[in-house]
2 protein chains.
Amino acid sequence: MFYGAEVTFIPWPVPEPLLPASVSPALADAAHAAVTAYRTARRLHTRPQLAEEVAMGADGTPTMFVDSLVEDAIAESAQSNRVNLLSEEAGFIDNGSSTTLVVDPLDGSSNAASGVPLSCFSGVLARDSIAVEAMTVWLDTGRVWWARVGQSTSYRTSGRTTLDGAAVSLLRPKRNNGDSWQRVASRAGRLRILGTTCLETALVAEGSVDAFADPGSDTLRIVDLAAALVLVPAAGGAVIDANGRPLDFDPDLTRRWSGIAAATSALADQVAEAILG
Amino acid sequence: MFYGAEVTFIPWPVPEPLLPASVSPALADAAHAAVTAYRTARRLHTRPQLAEEVAMGADGTPTMFVDSLVEDAIAESAQSNRVNLLSEEAGFIDNGSSTTLVVDPLDGSSNAASGVPLSCFSGVLARDSIAVEAMTVWLDTGRVWWARVGQSTSYRTSGRTTLDGAAVSLLRPKRNNGDSWQRVASRAGRLRILGTTCLETALVAEGSVDAFADPGSDTLRIVDLAAALVLVPAAGGAVIDANGRPLDFDPDLTRRWSGIAAATSALADQVAEAILG
């Protein structure tokens, strides 16, 4: 029984996020642009249409139609706010500013296109390549995590220091990391795969999950980890690469990391050790 | 750095669900009781308090404090609505009726206690052991899936018939099913572990995910699958056990199944074959 395209719209609303008053205008405007574009995309296009691959992104992975709709809206917002943009599909767009917006327009694209209610807008404001502010918006609920570098946040990580029995979110196992994945998974007390790094690292920041990791598949790009690099340390946690490589705001989006976000540095190190075996 | 118990409350609201007008009063009342109890529990108790094991449930697994708070509220609701109750922790409570409410008071208990925003109330109304109506409420958003047996629903499964490349949700791998888990996971195009069977099967019903399965670990109880047994077929899909055992509304909650919910019977059978190997 196949019911056809007329029933494949995602029916749920995309709520307006309640942004803190202190969010920088360029970041707030980009978030609102993303929310509005995603809401419109779901209203006008079916799931198969949203998921259609329309181009190859600057990160070397295919761009879905829904990605391009949301990123176009953000690019317009960045231009009118006169900030540069570093984004998954478009790469680096120079608008002649010392400020750059580093964004994942639609983190969890597959979820966003299929209706799995786990996708985010995530952005960092960087001045002269130094992050100053970050925000992740869970598009399906309007929940917002925001932090400015050097200021404390209202949320805190769980404070956990040990992997055995921890609540861990992972990327799915891939061909190149089955053993590493299994080593981390078998020691975790709880295990989740949500398919949205930005939400999973926000859950680490707020203390709902102890750690998130790409267990050695080298899948993550800087746009996936940018917000976590601000949000998680601001809440008492740590973000590292399993292989100890520095996490740079590099315009070359083909660079990849096995990122780990954890409640504490001690836990991040234990996850890295488990990945390396 | 450990910040202590004062910061471990779950800060997000628990919204009021918008129930369809045609929901039976006993089921609607139980849902509202669950929502109110869970909301109060999050306001009054920290994450570690919610997760504390306070008893052994009728299903043979430990009962968390948050489970008991929500189930107590539902039991009170069932009594005042003069229906029997079959529930995870309490087992069967005979209130002298031909109608029984079969509920999972708090599906995704670990998520619910830790703040991972993926937990549900899920209930089925059965008359003389025949299901007549089912509803799942996603507690963190108020989203509701409801169906009455013999009536069509507004949502439809994806209609997918093949496992290779499908979007699949799984229980996490356990000691007794590593190979089966790997066989299903390696054929899936997308893979999720959300830790809430009721939400994952609702996502199958609405066409956001193609299939959900316990890949052979025999973990699922009838209360985990009860709502799916109504919601998924009403939307064009199928719910089976991997080993072909009948899924009965049996008051013996120690019985377990490797349940599969899929967009079509053909896909459910393919998932079962992959599990059995």
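**Exercise 1. Is Thr136(A) buried or exposed in this predicted model, and which side chain does it pair with?**

Solution. 
Step 1. Read the accessibility. Thr136(A) has 0% relative accessibility. The cut-off for buried is under 20%. Therefore Thr136(A) counts as buried.
Step 2. Thr136(A) sits in strand β7, which covers residues 130-138 of chain A.
Step 3. Look for a polar partner. The side chain of Thr136(A) makes a polar contact with the side chain of Ser122(A), at 2.8 Å.
Step 4. List the surroundings. Neighbours within four places in sequence are set aside. Thr136(A) is then in contact with Cys120(A), Phe121(A), Ser122(A), Arg143(A), Val144(A), Trp145(A), Cys198(A), Ala227(A) and Leu231(A).

**Exercise 2. Where is Glu89(A), and which side chain does it join through a polar contact?**

Solution. 
Step 1. Find the segment. Glu89(A) belongs to the loop between β3 (84-87) and β4 (91-93) of chain A.
Step 2. Check the cover. The relative accessible area of Glu89(A) is 10%, so this residue is buried.
Step 3. Find the partner. The side chains of Glu89(A) and Thr63(A) are joined by a polar contact of 2.7 Å.
Step 4. Beyond four places in sequence, Glu89(A) touches several residues, among them Gly57(A), Ala58(A), Asp59(A) and Glu71(A).
Step 5. Take a distance. Glu89(A) and Ala126(A) are 37 residues apart along the chain, and their C-alpha atoms are separated by 19 Å.

**Exercise 3. How many residues apart in sequence are Ala167(A) and Leu191(A), and how far apart in space?**

Solution. 
Step 1. Count along the chain. The two residues are 24 places apart in sequence.
Step 2. Go to space. Their C-alpha atoms are 6.1 Å apart.
Step 3. Describe the site. Ala167(A) is in strand β9, residues 167-170. Its relative accessibility is 5%, so Ala167(A) counts as buried.
Step 4. Name the contacts. Outside four places in sequence, Ala167(A) is in contact with Arg190(A), Val209(A), Asp210(A) and Ala211(A).

**Exercise 4. What is the phi of Arg82(A), and what is the phi of Ser129(A)?**

Solution. 
Step 1. Take Arg82(A). Its phi is positive, about 55 degrees, although Arg82(A) is not a glycine.
Step 2. At 67% relative accessibility, Arg82(A) counts as exposed.
Step 3. Take Ser129(A). Its phi is near 70 degrees, again a positive value in a residue other than glycine.
Step 4. Ser129(A) has a relative accessible area of 54%, so it is exposed.

**Exercise 5. Why does the radius of gyration of chain A agree with a compact globule?**

Solution. 
Step 1. A compact globule of 277 residues would have a radius of gyration near 19 Å.
Step 2. Compare. Chain A has 18 Å, which agrees.
Step 3. The C-alpha trace spans about 55 × 45 × 30 Å along its principal axes.
Step 4. Check burial. Of the 277 residues in chain A, 61% are buried.
Step 5. Check the contacts. Consider contacts between residues at least 6 apart in sequence: 62% join residues at least 24 apart.
Step 6. Count the elements. Chain A has 8 helices and 13 strands.

**Exercise 6. How many positive and negative side chains does chain A have?**

Solution. 
Step 1. Count. There are 21 positive and 32 negative side chains.
Step 2. Locate the two sets. Their centres lie 6 Å apart.
Step 3. Chain A exposes about 9,800 Å², and carbon and sulfur atoms supply 52% of it.

Definitions and conventions: Residues are numbered from 1 along each chain as its sequence is written. Chains are lettered from A and ligands numbered from 1 in the order in which they are written. This is a predicted model: local features need pLDDT of at least 70, side-chain atom pairs count only at pLDDT 80 or more; totals for chains, interfaces and linings use all residues. Side-chain values use heavy atoms; hydrogens and water are left out. Helices (H or I, at least four residues) and strands (E, at least two) are DSSP runs, numbered from the N terminus. Buried means under 20% relative accessible area, exposed over 50%, partly exposed in between (1.4 Å probe, protein chains only). A polar contact is a pair of N or O atoms within 3.5 Å; within protein, one must be able to donate a hydrogen and the other to accept it, and residues adjacent in sequence count only if both atoms are side-chain atoms. Contact means heavy atoms within 4.5 Å. The radius of gyration is taken over C-alpha atoms; the globule rule is 2.2 Å times the number of residues to the power 0.38. Accessible areas come from the Shrake-Rupley method with a 1.4 Å probe; for residues, only the protein chains shown count as cover. Lys and Arg count as positive and Asp and Glu as negative; His and the chain ends are not counted. The place of a charge is taken as NZ of Lys, CZ of Arg, CG of Asp or CD of Glu.
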